[in-house]
2 protein chains.
Amino acid sequence: MGENRITPIRFELIHQSKISRARVGKIYTPHGEIDTPNFVAVGTNGTLKALDNQTVDAIGLQLMFCNTYHLLLQPGPEVVRRAGGLHKFINRKMPIITDSGGFQVFSLAYGSVADELKSRGAKKTDGHVLKINEDGVLFRSYRDGSKVLLTPESSITAQKAFGADIIIPLDELPPYHIGPEKLRASLDRTHRWEKRSLDEHLKNPQGQAMYAVIHGGVDPELRKASCSYLTQHPFDGFSIGGSVGKNKTEMVEMLQSMLPRLPEEKPNHLLGIGDLESVNLCVPLGIDTFDSSYPTRAARHGLLLTQEGGIKVGKGENANCFGPIEHGCKCSTCQNFTLAYVHHLFKAAELTAYTLATVHNLHFMVDLMRRYREAILEDRV
Amino acid sequence: MGENRITPIRFELIHQSKISRARVGKIYTPHGEIDTPNFVAVGTNGTLKALDNQTVDAIGLQLMFCNTYHLLLQPGPEVVRRAGGLHKFINRKMPIITDSGGFQVFSLAYGSVADELKSRGAKKTDGHVLKINEDGVLFRSYRDGSKVLLTPESSITAQKAFGADIIIPLDELPPYHIGPEKLRASLDRTHRWEKRSLDEHLKNPQGQAMYAVIHGGVDPELRKASCSYLTQHPFDGFSIGGSVGKNKTEMVEMLQSMLPRLPEEKPNHLLGIGDLESVNLCVPLGIDTFDSSYPTRAARHGLLLTQEGGIKVGKGENANCFGPIEHGCKCSTCQNFTLAYVHHLFKAAELTAYTLATVHNLHFMVDLMRRYREAILEDRV
């Protein structure tokens, strides 16, 4: 931990494409480098679903996203602190990013339930947010029913115990349907909370970097105001949160207007968006990192990603495909097993199916981003 | 496959303990050696639950048990044959044993549902056995409702397509509560079916070995008769099937009377029994191999096996245990992760928990049997 305290995060801009705003960079963290643009897999509870962290390391995933909301409730920050921090607790050598916990709590309050919570069913999350005020948000643990107060300070305290390389200030996630006045009020509160989070963080930086969260919903003026306010503070990077539009076109327009307002010498991150179409659209806009549970969830639902498009593994036509999922793929699933076998394991509802499919999809994303970086370096993207 | 046809199975008796009937041996198969006594893990559908076959190889499991009943229905013998046999289809380099399919079919008929089927719920299996006669058994596929006829010949045809190193003739599994006359009639039919299976097998041995299944239920005279009848035929080994008693004492008594009736120059196998207590009791009786889903199922249910006894991983006291599950254990789970982390993953209901626990329990069984062999070689068991 001593070493972590003195190693600052650093972003190196390596190449700016001649044909777009796409850029290749490198983020240096206490736990190693992150080549950008890159994909950030979601390991909510300190593990990717169906993969152990040794396997994730072997695939070469450079940044893993863990959720403070979940880790706060199980195992709790004290256990992680005693274990020597999240990297030691989950045995991950490479960088980790944690969020503030706010996204999940507000998803419960406003009904836009986060992906990770969907599988728990809606009933469990009803009425779990008890109070929201300037101080923070009081909610009931879905695990043991206890009341938990999440404030900018308590989120940062938890994220200090976890010790991720990149942490995120507490923000308010406004509901999608919200009037302009309430959205403005929500943004102002978010800015106050982010400032309080930054102040708390800077008391003991611990070698961690903090990325601000730009808000403002689908209002371009508020997004502009959020960029303007947050870039005046010494955040180490800038993430984009909240709704950026109801479709891809709106998302692209919004990002096109926002990204030039962010300092080019600092890394940016698009929160919770990382499906293939969005990655394809956003890399040319200059997004550095994307986190999403899409490829790992798709794997468990039997959708295998390839350069020729998705393969629905359960389809009968795959029963006799005795080649790999994708020819030329270097993942351990394709190196060792056939599409026919993975198809069979899905048909037989074997847990191993989820592991083999997740290995492939994660490797695909890591490799996809490597190919994007190559293309940008050659000004092809 | 050409090579398999000409390589016969061979059993080498290496040492007979001076203090018990325990023995150390080696079975040579077309896919490598099996040191005995040994544990045989169950990979019903061509995979251990929650482990891919590369991991199983790395752990050093020398013999894997696959279920013909399941593989017959999904993916079916034709797919496996086209894949080049079960070893190729599932990418397992080391030996495989398949059963006849009879056990699962009769479990459905008589209500003594096999472990592997329990998780499917009882409803799905009701009324699936349509007819049992001298020819074989007609049942309805739980997958697509089609009618499937399992006969000695069709079981062997399927097991030829699978190409396991060791195969098993079709037997009838009598219900536990059965009168003496019906048990005798069942045994006679089983003997006729096993003989038909052997004849079918010997038309094209394909380098496979066939182990007879000794029956006779809990009647010592019938067991004796079964040993007497089956050992007169050129089976390559002898397995013990059916109920051998309603408790461990009865099991030990029955095995004590049966094992001396089996030829010592051939390997034996105890079907479906492999919990720690039974292994402990049966190794000194001279059992060579045990198959059981116990350690892998126990792992998924959160019971971790150690030399000091079982650890219920979900217990609160494990939340802060930052050492491995078992000190000195060489499994990849213990080498890389703490008991606290595995505990956390179980609490968080992560699929990774099942994988890490299964790795440990399987490694424990493999290592336990290695220690038994050492102890027998030194006449300590």
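This is a predicted model: local features need pLDDT of at least 70, side-chain atom pairs count only at pLDDT 80 or more; totals for chains, interfaces and linings use all residues.
Chain A is assigned two domains, with domain 1 covering 2-100 + 152-292 and domain 2 covering 301-381.

**How the chains meet**

- The contact between the chains involves 34 residues of chain B and 34 residues of chain A.
- On the side of chain B that touches chain A, at least two residues each come from helix H4 (77-83), helix H5 (86-90), helix H14 (332-336), helix H15 (339-347) and helix H16 (351-377) of chain B.
- By residue type, that side of chain B has 17 nonpolar, 12 polar and five charged residues.

**Symmetry**

- In general, two copies of a chain are related by a rotation about an axis and a shift along it.
- Here, chain B is superposed on chain A by a rotation of 180° with 0.0 Å of shift along its axis, at an RMSD of 0.0 Å.
- This is the relation of a two-fold axis.

**Domains of chain A**

- The centres of domain 1 and domain 2 of chain A, taken over C-alpha atoms, are 27 Å apart.
- Between these domains, 24 residues of domain 1 of chain A are in contact with 16 residues of domain 2 of chain A.
- Strand S2 (23-29), strand S4 (38-42) and helix H2 (53-59) of chain A are the elements that each give two or more residues to the domain 1 side of this contact.
- S4(A) gives the largest share of that side, with three residues.
- The domain 1 side divides into 14 nonpolar, six polar and four charged residues.

- Chain A has an open sheet of three strands in the order S1-S2-S3, with antiparallel pairing.
- Its edge strands are strand S1 (10-16) and strand S3 (32-36) of chain A, each of which pairs on one side only.
- On average, neighbouring strands of this sheet are turned by 15° against each other, direction ignored.
- The antiparallel strands S2(A) and S3(A) are joined by five bridges.
- A:Ile27 has A:Ile34 as its bridge partner in S3(A).
- Helix H16 (residues 351-377) of chain A lies across S1, S2 and S3 of chain A, and runs at about 125° to S2(A).

Terms used
Residues are numbered from 1 along each chain as its sequence is written. Chains are lettered from A and ligands numbered from 1 in the order in which they are written. Domain bounds come from an automatic or database domain assignment. Two residues are in contact if their C-beta atoms, placed from the backbone, lie within 7 Å. Helices (H or I, at least four residues) and strands (E, at least two) are DSSP runs, numbered from the N terminus. Ala, Val, Leu, Ile, Met, Phe, Trp, Tyr, Cys and Pro count as nonpolar, Asp, Glu, Lys and Arg as charged, and the others, Gly among them, as polar. Copies are superposed by least squares on the C-alpha atoms of residues with pLDDT of at least 70 in both. Two strands pair if DSSP finds at least two bridges between them. Axes are lines fitted to C-alpha atoms, for helices over the stretch in contact, and angles run from 0 to 180 degrees between N-to-C directions.
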